[in-house]
Amino acid sequence: MRKVIGKIHLWLSMLVGIFIVLIGITGSLLVFEPELNHLIHPELFKVTESKKVMYQQALETVTNTYPKGEIQRVYTPNEPGVKGVYLFRLKEGEKQQSIYVDPGTGQINGALGDKTLFNMILDFHRSLLLKGFKGEEIVGIIGIVFFLITLSGIYLWWPGIKKSKNGFKMRRNKNVFVKNYDLHKVLGAVSIPFLLIVSLTGALFTYDETLFGWFGGKAKVTPPEENLISKPLPTGKLPLDLLLSKAEKEVPKGVITQVRMPGMMKEGVAEGAVEIRLSRSYDPGNGNIRVWVDQYSGKIVGKLDPEINSGLLYQIWHHPLHTGTFGGIFTKILYAIGGLTPTILMFTGAYMWWFKKKNKRKQKKRAVQAA
């Protein structure tokens, strides 16, 4: 059995190892995307110290500047990643843009498009830059394979209860093979919880509905779709600030982090309500309390709160567990380091495979010479 599991571990690693390494490295960079973006583009995060302009004013500035664009999301200054500015995610044709607005003046600081460094890193991490070739599904499959590699690694590493300490020992040996073997063994053992979590949560971004469906469950809980609509009124849409104030009253002590705007209305299709995401002290991520508000009447048409609604455990923890945001800067550092472990494991594993293969060739050559 050990020999069979060893072969499975080896060939799965050989098959997708380089992709796991690249996804791990890009993941480590993305953990600190807001901080690194702030260093690379400091002009985008300019905040004028004065009275904040209204959200509606900032929204109208962006709409007037990009008349053909469709605003999809609004990140508030309270969202940790935006460093105190208004951030508008906008779609213009096939292009996606991030528009940064100074909350003190309401003027646009600048914009980042699809081809900027971190957007390309994110696209690679999510889809290997293969958007037209089901890239996200391929990355999901790689996540499942990575999970299986980790499970097989646990089986190969496990020394037994009585000898469990041996699984964490680095022997003092000058032999290069022994050094690589021990480093592979100890590093793999220490990083087991991290590798299991990120591989499984990464795969679930694509296949959670399928896997939950096998057990008769649902990955995500949402209010009935027919409730989450806005009914047009002659008075027109309400200002965004008024909708936000409605959400704040609905969630006392809640901090608004994100607004998700409904898509452009098509003829004969009901227009969706505005989704407002808020955080409170018990929220492991950012914005797991969701409130849907009618754009015309300001009526609350839907709400999900982990403190009230059951069945939200998975969708609350899924993203924070994958990105390490649940524990602040400490877990982010651990996740950034953890994302580099597949690189070391790949190189040490590849060396051991090459060393054994070389030795087998030598033994075969000696046997031939002896014969």
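**Terms and values**

Colleague: Why is Lys83 called partly exposed?

Modeller: Its relative accessible area is 33%. Buried means under 20%, exposed means over 50%, and partly exposed lies in between (1.4 Å probe, protein chains only). The value 33% falls in between, so Lys83 is partly exposed.

Colleague: What kind of model is this, and how are its residues numbered?

Modeller: It is a predicted model: local features need pLDDT of at least 70, side-chain atom pairs count only at pLDDT 80 or more, and totals for chains, interfaces and linings use all residues. Residues are numbered from 1 along each chain as its sequence is written, and side-chain values use heavy atoms, with hydrogens and water left out.

Colleague: Where is Lys83, and what marks its backbone?

Modeller: Lys83 sits in the loop between β1 and β2. Strands here are DSSP runs of E, at least two residues; helices are runs of H or I, at least four; both are numbered from the N terminus. Lys83 is not a glycine, yet its phi is positive, about 55 degrees. Most residues other than glycine have a negative phi.

Colleague: Which other residue has a positive phi although it is not a glycine?

Modeller: Leu129, with a phi of about 60 degrees. Leu129 is in the loop between α4 (117-127) and α5. Its relative accessibility is 48%, so Leu129 counts as partly exposed.

Colleague: Is Ser152 buried or exposed, and how do you know?

Modeller: Ser152 has 8% relative accessibility, so it counts as buried. Its place is in helix α5 (residues 135-157). Ser152 touches Ile5 and His9, leaving aside residues up to four places away in sequence. Touching, or contact, means heavy atoms within 4.5 Å.

Colleague: And Leu151, buried or partly exposed?

Modeller: Leu151 is partly exposed, because its relative accessible area is 39%. Leu151 also lies in helix α5.

Colleague: What does Lys46 touch?

Modeller: Val85, Asp102, Pro103 and Asn109, not counting residues up to four places away in sequence. Lys46 is in the loop between α2 (33-40) and α3. The C-alpha atoms of Lys46 and Asn109 are 6.9 Å apart, although 63 residues separate them along the chain.

Colleague: How do you know that β1 and β6 pair?

Modeller: Two strands pair if DSSP finds at least two bridges between them. Three bridges join β1 to β6, and these strands run antiparallel. Arg73 stands opposite Arg260 in β6. Five bridges join β6 to β8, again antiparallel. There, Arg260 has Glu275 of β8 as its bridge partner. Five bridges also link β1 and β2 in the antiparallel sense.

Colleague: What makes β4 and β10 edge strands?

Modeller: β4 (108-112) and β10 (300-304) each pair on one side only. The open sheet has eight strands, in the order β4-β3-β2-β1-β6-β8-β9-β10. Its twist averages 20 degrees from one strand to the next. Helix α8 packs on the sheet and touches β6, β8, β9 and β10. The direction of α8 makes about 50 degrees with that of β8. Axes are lines fitted to C-alpha atoms, for helices over the stretch in contact; angles run from 0 to 180 degrees between N-to-C directions.

Colleague: What makes a group of residues a nonpolar core?

Modeller: Its members are buried Ala, Val, Leu, Ile, Met, Phe, Trp, Tyr and Cys residues, joined through side-chain atoms within 4.5 Å. The largest core here has 26 residues. Val62, Phe88, Ile276 and Leu278 touch the most other members. Among the elements giving two or more residues are α3 (55-65), β2 (86-92), α8 (240-250) and β8 (274-279). A second, separate core has 18 residues, including Ile20, Val145, Ala336 and Leu345. In soluble globular proteins, nonpolar side chains tend to be buried together.

Colleague: At what angle do helices α7 and α9 cross?

Modeller: Roughly 145 degrees. The axes of α7 (residues 192-214) and α9 (residues 313-323) come within 8 Å. The contact includes Ile197, Phe205 and Asp208 of α7 and Tyr314 and Leu321 of α9. By class, it has seven nonpolar, five polar and one charged residues. Here Ala, Val, Leu, Ile, Met, Phe, Trp, Tyr, Cys and Pro count as nonpolar; Asp, Glu, Lys and Arg as charged; the others, Gly among them, as polar.
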